[in-house]
Amino acid sequence: MKLKSAGIIGIGSYLPEKIMTNKDLEQIVDTNDEWIRTRTGIEKRRIATTQEATSDLSLEASKKALESANIQAEDLDLVIVATITPDMSFPSTACIVQDKLGAKNAGAFDLTAACSGFIYGISIAKQFVEAGVYKNILVVGAETMTKILDWKDRNTCVLFGDGAGAVVISTVEEDEGIKNVTLGSDGSGGSVLNKPAGGSRMPVTHEALENRMNYLKMDGSEVFKFAVRKMAAETKKVLEEANVDIEDIDMIIPHQANIRIIEGAAKRLKVGLDKMHINLNEYGNMSAASIPVALDEAYRKGKIKKKDKIVLVGFGAGLTWGASYIKWSI
Ligand code: UT7
């Protein structure tokens, strides 16, 4: 059987309206604008309201992606939502999105790979489309990180924001599309970034809440070292597999966690920051949403054009990482 080429045929993103600046954070924890800017590059972030859950953000991004792909919700065969902040443990956020979109012919499931989740999602969609099993797949990266932050912990609460990005993956011209994807994991590093309570290991009890175990915990410097190393290594790996030189890449869309991580990776890769699309100053780290939101923004700003060669690269809790080499198809 001849495999088809799978690629992005539509893209959209959605960000909650409410903006929280570094100055606003100074009122909440012992921090300051200067520290946050110089140590992370972040200036502001979007915050979902108490009424907005991850599925609401996903839905808005998905509607835009469908419109951009020029297909109807009924045309979807599968809905994948990559998130670590689902509306609830179950049913999946993907099922809520499937229902609200009216994607009545689609299967739906959530995927947990933290900040690498969107890359994991497109790798699954690529296999289904290339094998001819499904035609149109919606892949969403969406988070309401601010709902799992400990607003008493200045080490973490200044770093994250909320948002959603979505793509429709379908068949494209043979020389375009998602050409290569690499995925990796190292579960031995799970404790450096986690949310301990709320699962079967540590259900939410009064004790867990008193110990603030229902919030995101992170060993920032360990994640930092891993991130710089992996972003560069994984970009090299995916390009090696694709047999493409880094000089031929038009744009790299890195996970948006910290400007110093991106600078470190760029230095190792010997590429200028002008080759990296960066928006973490505006939105902070949106975990699984960071890459698709940045990709949508770069596309809408005209920084990515049809047939451009691009790399997506990310890392996150798990630990997980991944990269994708794409020949842009819209
Ligand atoms: O998507 C993946 C998830 N996460 C990441 O990618 C995060 C990776 N890590 C990082 O981005 C950085 O490690 C951080 C931004 C988290 C921290 O930056 P750092 O340069 O590694 O700072 P540090 O943790 O070594 O802390 C330096 C100092 C500490 O004070 P002392 O102990 O030296 O007196 C912190 O208590 O900065 C202090 N600090 C703060 N000060 C003001 C930590 N957070 C803050 C804050 N405001 N918000």
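## Close-up views of a predicted model

**View 1. A charge over a ring.** The charged end of lysine 230 lies over the ring of tryptophan 321, at 4.0 Å from the ring centre. The model shown here and in the other views is a predicted one. Tryptophan 321 also belongs to a cluster, in which ring pairs link Trp321 with Phe226 and Phe315.

**View 2. A tilted pair of rings.** The structure contains four aromatic pairs. In the pair of phenylalanine 128 and tyrosine 134, the ring centres are 4.8 Å apart and the planes stand at 40°, so the pair counts as tilted. The angle falls in this class because stacked planes are under 30 degrees apart and edge-to-face planes over 60. Phenylalanine 128 is partly exposed, its relative accessible area being 27%. Tyrosine 134 is partly exposed as well, with a value of 29%.

View 3. The side chain of tryptophan 35 has an N or O atom 3.2 Å from an oxygen atom of the ligand. For histidine 255, an N or O atom of the side chain is 2.9 Å from a ligand oxygen atom. In asparagine 285, a polar side-chain atom is 2.7 Å from an oxygen atom of the ligand. On its own, the ligand has 960 Å² of accessible area, and the protein covers 73% of this.

**View 4. The shell around the ligand.** Which elements give two or more residues to the shell around the ligand? They are helix H2 (33–40), helix H6 (154–157), helix H8 (220–242) and helix H9 (259–269). H8 provides the largest share, four residues. There are 23 residues around the ligand, and those that come nearest are Thr31, Arg39, His255, Asn258 and Asn285. Sorted by class, the shell has 11 nonpolar, eight polar and four charged residues.

**View 5. Histidine 255 and its place in the chain.** Histidine 255 is found in the loop between strand E11 (251–254) and H9. Is histidine 255 buried or exposed? Its relative accessible area is 1%, so histidine 255 counts as buried; the cut-off for buried is under 20%. This residue is among those that come nearest to the ligand. Between histidine 255 and lysine 306 there are 51 residues of separation in sequence, and their C-alpha atoms are 22 Å apart in space.

Key: Residues numbered from 1 in each chain as written. Predicted model: local features only at pLDDT ≥ 70, side-chain atom pairs only at ≥ 80, totals over all residues. Heavy atoms only, no water. Phe/Tyr/Trp six-rings, centres within 6.5 Å; stacked < 30°, edge-to-face > 60°. Buried < 20%, exposed > 50% of the residue type's maximum accessible area, 1.4 Å probe, protein only. Lys NZ or Arg CZ within 6 Å of the ring centre and 35° of its normal. Near = heavy atom within 4 Å. Polar contact = N/O pair within 3.5 Å; in protein donor to acceptor, adjacent residues only side chain to side chain. Areas by Shrake-Rupley, 256 points an atom, 1.4 Å probe, with all protein chains shown as cover. Nonpolar A, V, L, I, M, F, W, Y, C, P; charged D, E, K, R; others polar.
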